[in-house]
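Dear colleague,

Here is the structure I promised. Please open it alongside this email; my notes follow.

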Amino acid sequence: MASTTAGKIIRCKAAVAWEAGKPLVIEEVEVAPPQANEVRIKILFTSLCHTDVYFWEAKGQTPLFPRIFGHEAGGIVESVGEGVTDLKPGDHVLPVFTGECKECDHCKSEESNMCDLLRINTDRGVMLNDGKSRFSINGQPIYHFVGTSTFSEYTVVHVGCLAKINPTAPLDKVCVLSCGISTGLGATLNVAKPSKGSSVAVFGLGAVGLAAAEGARLAGASRIIGVDLNSKRFPEAKKFGVTEFVNPKDYDMPVQEVIAEMTGGGVDRSVECTGSVSAMISAFECVHDGWGVAVLVGVPNKDDAFKTHPINVLNEKTLKGTFFGNYKPRSDLPSVVEMYMNKELELEKFITHEVPFTEINKAFEYMLKGESLRCIIRMTP
C-alpha cells in the first residue's frame with residue numbers, strides 16, 4: 001500500500017458536512033500526504049458519537065464548515081511523515097480526539113493525561129504543523145474535526161493522537177474505544193476506583209454512563225444504581241451490571257436524598273455522565289461522608305456553575321473530574337483493547353446498529369431518535 005501511494009495525494013470518498021444540521025454529502029476529496037509528525041491512515045470502521053452530532057448541529061459553539069466529522073474509528077497506517085518512528089505502514093491504530101506528545105509536563109506526569117500540545121481543540125479545523133487542512137475539494141480546503149476526521153476513507157492525524165493496537169483485534173468492535181466507552185470505563189476504573197463489594201451510582205445511562213457501569217461491574221461493585229430521567233433505559237442497563245434504577249422524576253425529594261436513604265448514608269462512589277448541573281450536584285451530594293468520591297464526566301454548557309454547601313467537603317466527600325477516563329491514548333489504550341481480547345470487557349453490547357458508509361446519515365437519525373448507543377459505519381463494502 002505504502003509503496004504506491006506514499007507521498008502522493010489520495011482521492012477518496014468522505015462524508016462532508018457543508019452546513020450545520022444538513023445531511024452529510026458523500027464527496028470525492030483529495031487527502032494530502034502527511035507532513036512531519038503526521039500519519040495518513042485508511043479508516044476501515046468508524047462510529048458515531050454524540051459529540052459529532054452536537055458540533056454538526058452547531059449548538060453552543062463557533063460553527064466551522066465545510067467539515068469532515070468523526071472521531072471514533074479504527075484504521076491501518078498507509079504512510080508516515082518525517083520524524084514518525086513508532087508507527088509504520090500496515091500498523092493497526094485507533095485515532096483519538098486527544099493526544100499524548102510524551103514530552104510535556106502532563107505527559108510526563110503519572111497523574112495526568114491532559115497533553116499540552118494535543119489536548120482536544122474543537123475550534124481548530126487545521127493541522128498543527130502548518131495551520132492548513134489536509135483535505136480539499138477542487139482546491140477548496142475542507143476543515144478537520146478534533147484532529148481526527150474519521151468520516152473519510154483516508155485521513156491525516158498527528159502521530160500523538162494514534163494508539164497502536166493488537167493487529168488481531170477486530171476494528172469493527174474496538175473502534176468504539178476511541179472516545180465514549182473508554183471515557184466512561186476509565187472514569188470508574190481509573191478515577192472513582194470502587195472497591196470490590198462497594199456501591200456505585202451512575203448518573204445518565206447513555207453510552208458513556210453504561211461504560212461507567214461496566215467499569216463498576218468489572219471492579220466488582222455489589223450495587224450499581226443507575227440514575228436516569230428515562231425509565232425505558234433500565235432493562236438495557238441491566239446488561240451492563242446496573243442492579244437498581246432511580247428516576248428522579250418519581251420522587252418528591254432530591255435524588256441524592258433518595259440514594260442516601262437507599263444505601264444507609266450514601267454510595268461509596270458516583271459517576272456523573274450527563275453534563276447537567278443538577279445531576280452534578282446530586283452525584284456529589286449522594287456519596288457517603290468520610291470516604292465517598294464523586295467523579296464528573298459530563299461536559300456542562302460554558303456558562304454553567306453549580307453550588308454545594310462547603311460542609312459536604314468538610315465532611316470528607318471528594319469531588320473529582322476526568323478527561324477521557326484518565327487514559328493516556330498511546331500508553332494506555334492498547335491495554336484496554338487487550339481487556340476486550342481477553343474477554344474481560346464486552347464491547348458488542350454497546351453496538352446497536354451498523355450501516356454502510358453510503359448510509360451514514362442513518363447513523364445520525366438513530367442517534368437523534370435516541371435509538372442508538374453506538375452505530376458502526378462500515379467504510380468499505
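This is a predicted model: local features need pLDDT of at least 70, side-chain atom pairs count only at pLDDT 80 or more; totals for chains, interfaces and linings use all residues.

The span 207-339 has its end C-alpha atoms 18 Å apart.

Six strands form an open sheet. The order is S12-S11-S10-S13-S14-S15, with parallel pairing. Which strands stand at the edges? They are S12 (244-246) and S15 (318-321). Each has a single partner strand, so one side of each is left without a neighbour in the sheet. On average, neighbouring strands here are turned by 20° against each other, direction ignored.

Look next at S14 (residues 293-296) and S15. They run parallel and are joined by four bridges. Leucine 296 has glycine 321 in S15 as its bridge partner. Helix H9 (residues 277-285) packs on the sheet. H9 touches S10, S13 (269-272), S14 and S15. The direction of H9 makes about 170° with that of S13. Helix H8 (residues 255-263) lies across S10 (199-203), S11 (223-227) and S12. H8 runs at about 160° to S11.

Serine 270

Serine 270 sits in strand S13. Is this residue buried or exposed? Its relative accessibility is 0%, so serine 270 counts as buried. A polar atom of its side chain lies 2.7 Å from the backbone oxygen of alanine 283. Beyond four places in sequence, serine 270 is in contact with Ala201, Phe203, Ala283, Phe284, Cys286, Val287, Val293, Ala294 and Val295.

Histidine 158

Histidine 158 belongs to strand S8 (residues 154-158). Why does it count as buried? Its relative accessible area is 17%, and the cut-off for buried is under 20%. A polar atom of the histidine 158 side chain lies 2.9 Å from the backbone nitrogen of glycine 160. Leaving out residues up to four places away in sequence, histidine 158 touches Asn37, Glu38, Leu117, Leu118, Met127 and Leu128.

Methionine 379

Methionine 379 lies in the segment after strand S17 (374-378). With a relative accessible area of 3%, methionine 379 is buried. Which residues does it contact, neighbours within four places in sequence aside? The list is Ile43, Leu44, Phe45, Thr46, Thr150, Phe151, Ser152, Glu153 and Phe357. Take phenylalanine 357, 22 residues apart from methionine 379 along the chain. The C-alpha atoms of the two are separated by 5.0 Å.

Helix H2

Helix H2 covers residues 50-57. Its buried residues include Asp52, Val53, Phe55 and Trp56. What do the buried residues of H2 pack against? They pack against strand S3 (38-47) and helix H12 (360-368). Just after H2, alanine 58 takes a positive phi of about 60°.

Where to start

I would begin with the open sheet of six strands. After that, go to histidine 158 in S8 and methionine 379 after S17. Finish with H2 and the residues of it that are buried, among them Trp56.

Best wishes

Technical notes. Residues are numbered from 1 along each chain as its sequence is written. Side-chain values use heavy atoms; hydrogens and water are left out. Helices (H or I, at least four residues) and strands (E, at least two) are DSSP runs, numbered from the N terminus. Buried means under 20% relative accessible area, exposed over 50%, partly exposed in between (1.4 Å probe, protein chains only). Contact means heavy atoms within 4.5 Å. Two strands pair if DSSP finds at least two bridges between them. Axes are lines fitted to C-alpha atoms, for helices over the stretch in contact, and angles run from 0 to 180 degrees between N-to-C directions. A polar contact is a pair of N or O atoms within 3.5 Å; within protein, one must be able to donate a hydrogen and the other to accept it, and residues adjacent in sequence count only if both atoms are side-chain atoms.
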